[in-house]
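Biologist: Pick one part of this model and take me through it closely, please. I'd like the cut-offs along the way.

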Amino acid sequence: MAKFPSVEWFKAIQDLVNGDDGIRKLGTCDAVMGVKVQDKAFEITFEAFDCTGVREISEAELANTDFYLDASYETWQEMLENISQSGGQPDRHLTLNTIDFLAPDGFAKSDDQSRKDRFYRYGQTFQQFFNASAEIKTEFAVPA
Amino acid sequence: MAIDQKVIDKLRKEPGMPDIDLSWLREEDSPGIVAKAGKRGLTLDEINKGVYGEVPEIAKHGTTRSRGSIPRAGVMRTAYFVPEKSDIWADNATLIYEEAVQRQWSSATDIPWETVKPLPDIVEEAICQICTFLTEVEFIAGDAPGQWLKKISPDHYEVALYLISQVMDEARHLDVFRKRALVNGCGLLEAQGATRGLRNVLDSQDFTEMSALMHVLAEGFVQTMFRTGEFIAQNEAEKTIFRLCAQDESRHVGFGVMHLRYVLEHTPERREEIHHYLDRAEQLFGHPTDGGNTGLQEALLITMSGDGKDLDKGAELALALNKKQANEYMHRLEVAGLGDRRERMNPAFGMLLDPPKN
């Protein structure tokens, strides 16, 4: 069981998606995705067909990512629980894309729209990344 | 690569053979570059090395000669190409082309068509009206870059390859929306016709004009609509269609933004000219007297309301969509270096803009 959010949790997903034929079939993905959960921040790097890096970063370093996903802890938990319960097929209002559309300030954030567009360009790769969390047990732990 | 002189001599003396020239066998002209595959395979960036990667600022010949090959006298010209690199270039053309090839999909086999089930008439008809509109739009989105293919020099082949990939993407979009309209018994509804804004894209006389109008403005707006599509989708097939189309559309927007940035960096004197194109395009795009989009707007209201009953909810979401479209358009222009567009944007879009961040 891995705690969300933590480097261990993201590394568990990284191990699942690397070498996965479904992800590879989606095509190359070159982007640095940030994840912000309350006061914790993470950087997940995608290169070619793999997720090549996962690390915890400072909140200020989120500005160096192409975009970062930022939502309330409740939204993250609802999304991941839905992914888990649906076997990796989340309801439409809980996909990355629709959360982004429905949130007034968006889910994916960046000061550079062109870099933020990578969220949309590789959207299915990122969705598959989080969908893979259905294969692990997640313990939700609100960051202190 | 060494050529055995004995082989050449033998070829020259072969009985019954016409005189052999073999002047093309010029080892001394070979730059001796060995391209190696990287993480993404053997991509264009991996082979664009040395003389093969030197992109001329001006394409000086009108023949089909590939960049890096050896010129030959007496070759016929095949076209008048756009000579200036700065008029057509984008630094991400190779990356986006390779990505497009990697991320292709099939409307025949990658969409779970079996998930499309009978829907309430009003919802089915609204979806089919949206599909009718998008089928037309995608036809134009393929035609517009297609018009420019014959004008791209082989010296700037990367741009031609990107445009070809876009035409393929648009062809797939055209066919997938047509298939969706026909798969559930409703079919295509009212033709929206090429609205003034879309006609303006087709009429572009300049590549940057075409790209700014189509990639940055029109496709930017359509990309946001595709992203919304997942929310209005009634089944897994529609969700998949919109998700995959949004990815494709984002590549086209990405090319357009980087092209505009390249133009403004290398030919800053074109700034006012580009503003002029956008002045006209914004005025024509969704002009209130142009009834061509009425069917689309009403169909969006119905689908965004869920079942066509709560139109206030539909209107609220449609406004949210329009705000995202306008703001993302403005942000992309800022990235391209046209941040001063904010002051002169058409009021129809300007009124939807959030205040600037800085």
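Modeller: Two strands count as paired if DSSP finds at least two bridges between them. With that in hand, take the open sheet of chain A: five strands in the order β4-β3-β2-β5-β6, with mixed pairing. Strands here are DSSP runs (E, at least two residues), helices likewise (H or I, at least four), numbered from the N terminus. Mind that the model is predicted, so local features need pLDDT of at least 70 and side-chain atom pairs 80 or more, while totals for chains, interfaces and linings use all residues. Residues are numbered from 1 along each chain as its sequence is written, and chains are lettered from A, ligands numbered from 1, in the order written.

At the edges of the sheet sit β4 (50–57) and β6 (108–109) of chain A; each has a single partner strand, so one side of each lacks a neighbour in the sheet. For β6(A), β5(A) (residues 67–71) pairs with it in the antiparallel sense, over two bridges. Tyr68(A) has Lys109(A), in β6(A), as its bridge partner.

Across β2 (31–37), β5 and β6 of chain A lies helix α5(A), residues 113–121, at about 70° to β5(A); that angle is between N-to-C directions (0 to 180 degrees) of axes fitted to C-alpha atoms, for helices over the stretch in contact, meaning C-beta atoms, placed from the backbone, within 7 Å.

Then there's helix α6(A), residues 123–131: eight of its nine residues are buried, so the rest of the structure largely encloses it. Buried means 20 or more other C-beta atoms within 10 Å of the residue's own. Among the buried ones are Phe126(A), Phe129(A) and Phe130(A), along with Gly123(A) and Asn131(A).

Key. Buried ≥ 20, exposed ≤ 12 C-beta atoms within 10 Å, placed from the backbone. Contact = placed C-beta atoms within 7 Å.
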